[in-house]
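This report goes through one structure by topic, from helix packing to domains, ligand surroundings and backbone details. Please keep the sequence and the 3D view open while reading.

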Amino acid sequence: MAEKTIAAIATPAGTGGIGIVRISGENALEIAAKVFVSKKGTDITKVKTHTVHYGKVVDGSGKVIDEALLTYMRAPHSYTGENVVEISCHGSITSIRGLLKSVLEAGAALAGRGEFTKRAFLNGKLDLAQAEAVIDIINSKNERALSAAVNQLEGKLSSRINSVRDELSDVMAYIEAETDFPEDDVSGLSSDEVRGKLKSILSTLEALLATAGKGKIIKDGISTAIVGRPNVGKSSLMNALLGEDRAIVTDIPGTTRDIIEDYLNTGDVVLKISDTAGIRETGDAVEKIGVDLAIKQSEKADLILFVADLSQMPSDEDARLAKMLVGRPAIMVLNKLDKELNLAADAYQKLFDGRSVKVSASGGNGIDTLISIINEMFGGGGIEDDNSCLLTDLRHTESIMTARVAVSRALTSMDNGIPADMLFVDIFEALAALGEVVGMSVSEEVVDKIFSKFCVGK
Ligand SMILES: Nc1nc2c(ncn2[C@@H]2O[C@H](COP(=O)(O)OP(=O)(O)OP(=O)(O)O)[C@@H](O)[C@H]2O)c(=O)[nH]1
Ligand SMILES: [Mg+2]
């Protein structure tokens, strides 16, 4: 049975210059013809593919809703691979909703989340990794994230995965031949060649997995925790970085309790900044929860801004914190530069053997230098090189990890002289795991879950 024809508003909710209703399915053109009247009197059911028509949209009673442009793309040459009509009208909420209502009354069903892209996937226009890239493009927070997602949409990840799958299939052919005709050299591969292939597959998978950390930072932003003892100016630093009064600042130690999060785009990188409770021993139950949260936040952060107060000499708490941050990616932010105490900076430097910067969070001095240090740490070559194929999605990373484990198990088995047919399960598992990335071996449930993350209309 043919899939029902679906429709949804494809532009963001709210008022805009233009609003688009997208219709996809077998009857897209017939449905569109019921709501769209061409200015030239063209019969809409007979228009050629990839043409644009000017006219007006009407409701069931013939009342004009708006002027509009209709674009037609016949299957399979459309986003979904089905017949697609897009009607663009003026982007007022009333006209775009009126248009959608007419389209639904004319026989279309309302599209679910991501249903257009899901159909594109089911019709083979995109594989699963490419379809997921569409949502990443929509959600991208900076140019790097966008470019990683566009590369994924163009199929760079998929083609790398598919070429590994091809090599695994060669290995599979060898195993099958060895199992069925152990005396003959049917597959054309020697066991040394197979071992070589498995080693090269393993290193390709490892190289891909090595990009996962970078990919996460590019996609989600650098998770940045501001930590320090109470009253040193952590919330003031958060506000200075964001350029707005986001967090409450008072001279009472222990002001911040919950974690406060916001994004900062430095141009080079995106920081997901968390302001946290000042870390100290406390008898206050609520503050204690905040302190525990702060410590947890700093443990999982990609970057820690360790704030200290230059108007005072370091305390035991500063020393304890500095110790906790040894070996972590941290910058010591020496705050209250305007009230700097003689010798304080030297004393802090003795505690903390890493990058540091003097700032005045309340006055704004030094904030630019802090941002340049962060850009230097995360924005430079480290992230720039070979962005063409980055793992930005946990689902992909997990599948590739499974494949890596299976391939390395197969290699160990070969090295131990275990018969070829015993490798079958491992190679099969690796093939299936990689198939999950591109969507060749995923359950309907996984597919539904992925597309439910999309917005309606995409
Ligand atoms: N002189 C001076 N005072 C500052 C500066 N930055 C912050 N302060 C003051 O320091 C006090 C504490 O600032 P907050 O930003 O609330 O400090 P905090 O580290 O978030 O404190 P808790 O949330 O209690 O842990 C406030 O009175 C701020 O106005 C600065 O650069 N210079
Ligand atoms: Mg605070």
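## Helices α6 and α16

Helix α6 passes α16 in a left-handed crossing. The model is a predicted one. On the α6 side, the contact is made by Ser158, Ile161, Asn162, Val164, Arg165, Leu168, Val171, Met172 and Ile175. On the α16 side, Phe424, Ile427, Ala430, Leu431, Leu434, Gly435, Val437 and Val438 take part. By class, this contact of α6 with α16 holds 13 nonpolar, three polar and one charged residues.

Helix α6 covers residues 156–180, and its axis comes within 10 Å of the axis of α16, with a crossing of roughly 160 degrees. That angle makes α6 roughly antiparallel to α16, because angles over 145 degrees are counted in that way.

## Helices α15 and α16

Helix α16 (residues 424–438) also packs with helix α15 (residues 394–415). The angle here is about 165 degrees, and the axes are 8 Å apart. The two helices α15 and α16 are therefore roughly antiparallel to each other. The crossing of α15 with α16 is left-handed.

From α15, the residues that meet α16 are His396, Ser399, Ile400, Thr402, Ala403, Ala406, Val407, Arg409, Ala410 and Ser413. Their counterparts in α16 are Asp426, Ile427, Glu429, Ala430, Ala433, Leu434, Glu436 and Val437. Divided by class, the contact of α15 with α16 has ten nonpolar, four polar and four charged residues. Ile427, Ala430, Leu434 and Val437 are among the α16 residues listed for this contact, and these four residues are also among those of α16 listed for the contact with α6.

## Helices α3 and α4

A further helix pair is formed by α3 (residues 115–122) and α4 (residues 128–139), which pack at about 160 degrees with their axes 9 Å apart. Helices α3 and α4 are therefore roughly antiparallel to each other. Their crossing is right-handed.

Thr117, Ala120 and Phe121 of α3 make the contact with Leu128, Ala131 and Val134 of α4. The residues of this contact comprise five nonpolar, one polar and no charged.

## Domains

The protein chain is assigned three stretches of domain structure: domain 1 (6–111), domain 2 (133–211 + 391–439) and domain 3 (218–384). Between the C-alpha centres of domain 2 and domain 3 the distance is 42 Å.

Seven residues of domain 2 are in contact with seven residues of domain 3. On the domain 2 side, helix α5 (residues 143–153) supplies the largest share, three residues. The residues of domain 2 on that side divide into two nonpolar, two polar and three charged.

## Surroundings of ligand 1

Ligand 1 is surrounded by 25 residues. The closest of them are Gly233, Ser235, Ser236, Thr256 and Gly278. Helix α9 (residues 234–242) contributes the largest share of this shell, three residues.

In terms of class, the shell around ligand 1 has six nonpolar, 14 polar and five charged residues.

## Backbone details

Ala75 and Pro76 are joined by a cis peptide bond, with omega at about 5 degrees. Pro76 is placed in the loop between β5 (64–73) and β6 (84–91).

His50 has a phi near 55 degrees, which is a positive value in a residue other than glycine. The loop that holds His50 is the one between β3 (36–38) and β4 (51–58).

Technical notes
Residues numbered from 1 in each chain as written. Chains lettered and ligands numbered in written order. Predicted model: local features only at pLDDT ≥ 70, side-chain atom pairs only at ≥ 80, totals over all residues. Near = placed C-beta within 6 Å. Nonpolar A, V, L, I, M, F, W, Y, C, P; charged D, E, K, R; others polar. Axes fitted to C-alpha atoms, helices over the stretch in contact; angles between N-to-C directions. Parallel < 35°, antiparallel > 145°, perpendicular 65-115°, else oblique. Left-handed = near helix turned anticlockwise from the far one by under 90°. Contact = placed C-beta atoms within 7 Å. Domains from an automatic or database assignment.
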